[in-house]
Amino acid sequence: MYIAITFLIALLALLLVFWGGRILLSGKWILGFIRGALGLLFLATALLIVLVAADVYSYRNLAEEHSVGTVSFRKTGEQRYEVTFSDADGLAQRFELHGDQWQLDARMLKWKGVLARWGIQPAYRLDRLSGRYLTLQDERIKERSVHQLDSSAFGIDIWQSLRGIDKKLSFVDAVYGTATFLPMEDGAVYDVRITHNGLLARPLNQQATSAVEEWQ
């Protein structure tokens, strides 16, 4: 579905390039300045649409609940952990988190109105992995850690733009899907799943299970 949307957006961009080129190259420049300005406007709009399409393409279709990856921990010091996030495609990223608990965030686009009735599913992109301390004093004085998992290219961020105005839009909500903070523990492994309501993290081994039980 999102490949088709990206294709339609790219087709619109190509049409704008064609029309812009025709204006710039057509006949004598009776109204040269106006034609030139219109042509450049078409070309700039086409470039913007292409960049928006590229940003939309970085989101994944969310048809049903599924795993987005696993998060595993190795303690390296007091309230310090080496964290390995392995996504659903098997790509592993390593980070250092400080604190007692961790959280994973995802950006979500939830379609409304006509688009929802057409069957277009929500889309998501993993966003940030962060740690936090249990006590407010530690949160205030100790080093904090937040790591970006994915980002928008070329400075175009359609989700952030929509989030600023989505209360005025009738066709989309740009929201965070955030997993509940869970304890970091040496050797713990968690499975992270995404649903239409956001992210869920579940312990995969005894170390993670014991840490969750003690924390609760």
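Colleague: What makes the 29 residues a nonpolar core?

Modeller: A nonpolar core is a set of buried Ala, Val, Leu, Ile, Met, Phe, Trp, Tyr and Cys residues joined through side-chain atoms within 4.5 Å, and buried means under 20% relative accessible area with a 1.4 Å probe, protein chains only. In the largest such set, F73, W102, L104, L129, Y190, V192 and L199 touch the most other members. Strand 5 (101–111) and helix 6 (206–215) are among the elements that give two or more residues to this core, and strand 5 gives the most, with four residues. The model is predicted: local features need pLDDT of at least 70, side-chain atom pairs count only at pLDDT 80 or more, and totals for chains, interfaces and linings use all residues. Residues are numbered from 1 along each chain as its sequence is written, and side-chain values use heavy atoms, with hydrogens and water left out.

Colleague: Why is strand 6 called largely enclosed?

Modeller: Eight of its ten residues are buried, so strand 6 is largely enclosed by the rest of the structure.

Colleague: What makes strand 5 and strand 6 a pair?

Modeller: Two strands, each a DSSP run of E with at least two residues, pair if DSSP finds at least two bridges between them. Strands 5 and 6 have nine bridges, in the antiparallel sense, and therefore meet this criterion. L104 has L129 of strand 6 as its bridge partner.

Colleague: Which residue of strand 7 is the bridge partner of L129?

Modeller: That partner is H147; strand 7 (residues 146–148) pairs with strand 6 over three bridges, again antiparallel.

Key. Buried means under 20% relative accessible area, exposed over 50%, partly exposed in between (1.4 Å probe, protein chains only).
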